[in-house]
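Reader: Hi! Could you walk me through this protein, one question at a time?

Author: Gladly, let us look at it together.

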Amino acid sequence: MTPSRPTRHAVLASALLASCAAPGGRAITAYTGRYLDSGLVDEILVLQDWRARDAYLGALAYAERFHVFADGAGQWEWEAQAVQHFGDQTHQELNALVALRWKRFPWNDRLRTSAAIGEGFSFATEVPPLEIQSQENQNASDLLNYLLLELTFGLPSAPHWDFVARIHHRSGIFGLFDDVDGGSNVLALGLKYTF
């Protein structure tokens, strides 16, 4: 009896499971940051006119890699976050996203570095008061788009640990979500444990 050949779907599922199970395929990130009542593109990314508010967040995120490309230099991953706001707003937030991460930089033998951009959904347990009050916004909503911009840095001698700098951004994508034009930005720092 001739053994049956695996189907294309079985091969893809096996590759996906192996990619997730390989070392470095999962990560837990804890981060905290401060709310900035400033526009993402025209102020935060160009490092000018940051207007910090007395509002902060603490977040715990779990991520898993689901596809590797460019001989391991890049990967796709999904992430889920649980967030608690405190200070001038005290609601909770749940976020789910898919991120593209690039991990190959010429100085990685001295300082391991990765850069990621992620896109998904953000649900707040109430319409965030500072998003309602913001001079940058028109309208506000509990459900918005979520954007992640992240840099990680780690020492080769500590392969599981990375320092994280992250922009935690919610927005209506120019009115696409509930006619919201604007959103919120938090500049955050934290630690990532990869396993």
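This is a predicted model: local features need pLDDT of at least 70, side-chain atom pairs count only at pLDDT 80 or more; totals for chains, interfaces and linings use all residues.

**A walk around the model**

Reader: In what order do the 8 strands close into a barrel?

Author: The pairing around the barrel is antiparallel. From one strand to the next, the twist averages 25°.

Reader: How many cavities of 30 Å³ or more does the search of the whole structure find, and how much space lies in the largest cavity?

Author: The search covers the whole structure and uses a cut-off of 30 Å³. With that cut-off, it finds 1 cavity. The space in the largest cavity is about 50 Å³.

Reader: Which strands each supply at least two residues of the lining of the largest cavity?

Author: The lining includes Tyr35, His85, His168, Arg170, Ser184 and Val186. Its residues divide into 3 nonpolar, 5 polar and 3 charged. His168 and Arg170 are in the lining, and they fall within 161–171, the range of strand E7. Ser184 and Val186 are lining residues too, and their numbers lie within 183–194, so the strands you want are E7 and E8.

Reader: Is Phe163 buried, partly exposed or exposed?

Author: Phe163 sits in strand E7, and its contacts beyond four places in sequence include Leu151, Phe153 and Leu189. The C-alpha atoms of Phe163 and Leu189 are separated by 7.6 Å, although the two are 26 residues apart along the chain. Buried would need under 20% relative accessible area and exposed over 50%. Because its value is 40%, Phe163 is partly exposed.

Reader: And Asp178: is it buried or exposed?

Author: Asp178 is found in the loop between E7 and E8. Its C-alpha atom is 8.2 Å from that of Leu144, which is 34 residues away along the chain. The relative accessible area of Asp178 is 54%, and the cut-off is over 50%, so Asp178 is exposed.

Notes: Residues are numbered from 1 along each chain as its sequence is written. Side-chain values use heavy atoms; hydrogens and water are left out. On a 1 Å grid over the protein atoms alone, a cavity is a set of points where a 1.4 Å probe fits but cannot get out, and a pocket is an open set with protein on both sides within 12 Å along at least five of seven lines; lining residues have an atom within 4 Å of a point. Grid points are joined across faces, edges and corners, and a volume is the space filled by probe spheres set on the points. Helices (H or I, at least four residues) and strands (E, at least two) are DSSP runs, numbered from the N terminus. Ala, Val, Leu, Ile, Met, Phe, Trp, Tyr, Cys and Pro count as nonpolar, Asp, Glu, Lys and Arg as charged, and the others, Gly among them, as polar. Two strands pair if DSSP finds at least two bridges between them. Axes are lines fitted to C-alpha atoms, for helices over the stretch in contact, and angles run from 0 to 180 degrees between N-to-C directions. Buried means under 20% relative accessible area, exposed over 50%, partly exposed in between (1.4 Å probe, protein chains only). Contact means heavy atoms within 4.5 Å.
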